[in-house]
Each structure stands twice: as structure tokens, then as C-alpha cells.
6 protein chains.
Amino acid sequence: MTTELDTGLPSIRQIQTVIREETEVELKLITNDLLTGKIRWQDAHCLCLMDHYDQPTVVWRTALVYLKPKL
Amino acid sequence: MTTELDTGLPSIRQIQTVIREETEVELKLITNDLLTGKIRWQDAHCLCLMDHYDQPTVVWRTALVYLKPKL
Amino acid sequence: MTTELDTGLPSIRQIQTVIREETEVELKLITNDLLTGKIRWQDAHCLCLMDHYDQPTVVWRTALVYLKPKL
Amino acid sequence: MTTELDTGLPSIRQIQTVIREETEVELKLITNDLLTGKIRWQDAHCLCLMDHYDQPTVVWRTALVYLKPKL
Amino acid sequence: MTTELDTGLPSIRQIQTVIREETEVELKLITNDLLTGKIRWQDAHCLCLMDHYDQPTVVWRTALVYLKPKL
Amino acid sequence: MTTELDTGLPSIRQIQTVIREETEVELKLITNDLLTGKIRWQDAHCLCLMDHYDQPTVVWRTALVYLKPKL
């Protein structure tokens, strides 16, 4: 399994920014679920989203559709 | 994760054109969502689409179905 | 991203034939969309389909289900 | 794109048998389509299925769910 | 196409056990189909499931969701 | 098939923690199934989930959407 994140990529950096600034985001998944929360970390396989009750959800990258800031 | 975009490919160049010319496009996703807006950037994992309110949506390539100019 | 098309493969050659002969085809996608038109080009990531109004649709290979000649 | 078929694998050989013996098969796809016909060829990306009117359908391997002989 | 099965992996060994012991299993697929039967063989691309009438179904690994013993 | 798990990744370690601490988790799958139980092991292809009756379900990683602790 590939395990390196290329931090030169805009998409990886955008998520790093969202983590650092604790931006609330919407995450659309291939099951049509729409999760909201703050991203805590990313690695080569997954993102971790914290919800309003500070519960972590580990989301697989293969299930990601889109991410946008929650308005 | 593969991080190089082969800018010699028609599909990569077509998206570069759409970015440069700020063409409004429709983006169909595997969830059946149809997003419209202008593409801001592309990298090996994602495209970034700006909507009418200039809000960015980062879309994963694995979720892309088709792209066409909005008429 | 892999960028070479192996033109020795039957599937790649069949699409090259369909491009050269301007055959009208049906393209079934994983969203269950059925697109019809003529294929203009293929590369390692995408096909480009021209519809009846000569509008291009760039379709990602990961979204392809089947292709057949339109009767 | 990987282009070699490993003809030592049971799954590749089973399809070779089905091609050679012109067995009628059912092919279930991720769109839930169920195609029936005879397989004409396989390569690293696709299978080609001939229907009852001898029309070819090129099916991408990424869209395959299962194959079984039609009873 | 990758063709080696790593027989040191728990998931590969668990399926080998199920084959050897002729355990009846349920196989959930991405189309939401639930197949039941005994697994005859596995390779890098597929599993082969025998149903109650001893008819083989070749299932692609990309379509697998879960496997469990039938109770 | 890639068979090494990179135990330095947060996502792999988080699952190791959940295994060691026998945390009850919810596992959302691409079929929209929501499984609950305790994870017994993980490898490069699969996770194994034990349900309340101590029955194992082998889940393919390609089918994973998200994992969270059951509250």
C-alpha cells in the first residue's frame, strides 16, 4: 500500500490548511452520506473527521466524493 | 500515491484549457450529483470547482464520471 | 498516473476503429447514464464523446461500464 | 496501464474455456445490468460479449461483478 | 495485472480454510446481491462460488463487500 | 497484490488500537450496510469484524466507507 502523502499537491495542502485552521467542512461520500465536522488528520488511506460531539470518524479516501467548507 | 500529471494527455490538457479560459462546466459524479462551476485547479487526486458564490469544492478524481461545457 | 495506451490490446484497438470510422456508439456509465455519440479521442484516463450537437463530453475510464455500436 | 493477462490464473483460464467452447454466459455488472451472450475475447481491460444478434458489447473489467454459465 | 496471492495474509488464509473445509458462506456484493454457496478456488482477480446445484459463479474481487459463514 | 501494512500510518494504528482495546465500532460499507462489532484483525485486503454472536465477517477494504466507535 502506498503510504507517502505528496505535500506539494494542492489537494493535500488544501486539506492541511483545513486541519490547521479547524475549518468546518462538508464531506460527501459515495454512499451519498454528507458528513460535517472538522478534519483532524489525513494519511494516505483515510481522513479523520471530528463531529460536534468530538467523536472521530475515520473515512476511507476511496469513499470520498467531495469536500467543501460548511457555510 | 502517484502525483505527476502527464500534461501531454488530451484529457489533462482539455482541463487545463477549461481552467485557463474559465469555461463554465458541468461535472457529473458517481453519486449522480451534477455540479456546475469553473475549474480552478487540478492535481493527480482532485479537481477544484468554484461555484457561483465563489465557494471551492474539492472533488476527488475517483468520483468523476464526466465533464462537459455548460451550454 | 499511468499514461501509456497499449495499442496492441483488442479493447484499445476496437475504440481506435470506432474513432476512425466515426461509428455512433452507446456508452453505459456506472451512474446508469447511457450516452450516445461518436468517440473523438481516447487517452489513458478518458474518452471524449461528441453528441448530436457536436458538444464534447469527457468521460473518465473509471466510470465506464460498456460500449456498443448504436443500431 | 497493465496489459499482460496471466494465463496461469484460474479466472483467466476459465474465461478462455468459455470463449473456446462458445458457452452462453450471464454477466452481472455493477450497474445491476445482467447481460447474456457469448464471450468473444478478453484482454487486460475488457471482455467482449456477443449478443443473440451477433452485436458486440465491450465491457470494462472494472464493471464486472460475476459471470456464470446460462442454464 | 498482479497475479500473486500472498498466502501469509489472514484474509487469504481464511478463504483457503473455507475452501478446504467446504464451509457454506454468504458473499455480499457491491450490487447488494447476497450469494450463498461453497468457495471452490480463489486467485488474484476472482473467487469461484458453487451454488446448491453445483453451478459455478466466478465473482470478481473488486465486487466483494463481505464474506461470512452461513449459519 | 500489495501485502504490507504501514503501521506508521494513523489510520492503521487507529485500527490497531480498536483491535487491542476491543472497542465496539460501526463500519459503514459502500452497499450502505452498517455493521457493528469488534474488529479482530486487519490485513492489506480486509478487516475481520466479530458480531455479538462471535461470528466473523471478513470485510474487503475496497468496500469500506467509514469506521467510528459505537456510542
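**Close-up 1. The residue C:E22 after helix 1 of chain C.** In this predicted model, C:E22 follows helix 1 of chain C. The phi angle of C:E22 is positive, near 50°.

**Close-up 2. The buried residues of helix 1 in chain C.** Helix 1 of chain C covers residues 10-20. Within this helix, C:S11, C:I12, C:I15 and C:V18 are buried. Viewed down the helix axis, the buried residues of helix 1 of chain C fall within an arc of 120°, so they line one face of the helix. An α-helix has 3.6 residues a turn, so residues three or four places apart point the same way.

**Close-up 3. Helix 1 of chain B and the residue that follows.** In chain B, helix 1 spans residues 10-20, and its buried residues are B:S11, B:I12, B:I15 and B:V18. Down the axis of helix 1 of chain B, these buried residues lie within an arc of 120° and therefore line one face of the helix. After helix 1 of chain B comes B:E22, with a positive phi near 50°.

**Close-up 4. B:T31 in a loop of chain B.** The loop that holds B:T31 runs between strand 1 (24-29) and strand 2 (34-42) of chain B. Is B:T31 buried or exposed? Its relative accessibility is 8%, so B:T31 counts as buried, the cut-off for buried being under 20%. The side chains of B:T31 and B:D33 are joined by a polar contact of 2.6 Å.

**Close-up 5. Contacts of B:T31 with chain A.** Leaving aside residues up to four places away in sequence, B:T31 touches A:K28, A:L29, A:I30, A:N32 and A:V65.

Conventions
Residues are numbered from 1 along each chain as its sequence is written. Chains are lettered from A and ligands numbered from 1 in the order in which they are written. This is a predicted model: local features need pLDDT of at least 70, side-chain atom pairs count only at pLDDT 80 or more; totals for chains, interfaces and linings use all residues. Side-chain values use heavy atoms; hydrogens and water are left out. Buried means under 20% relative accessible area, exposed over 50%, partly exposed in between (1.4 Å probe, protein chains only). Helices (H or I, at least four residues) and strands (E, at least two) are DSSP runs, numbered from the N terminus. The arc is that of the directions from the helix axis to the C-beta atoms. A polar contact is a pair of N or O atoms within 3.5 Å; within protein, one must be able to donate a hydrogen and the other to accept it, and residues adjacent in sequence count only if both atoms are side-chain atoms. Contact means heavy atoms within 4.5 Å.
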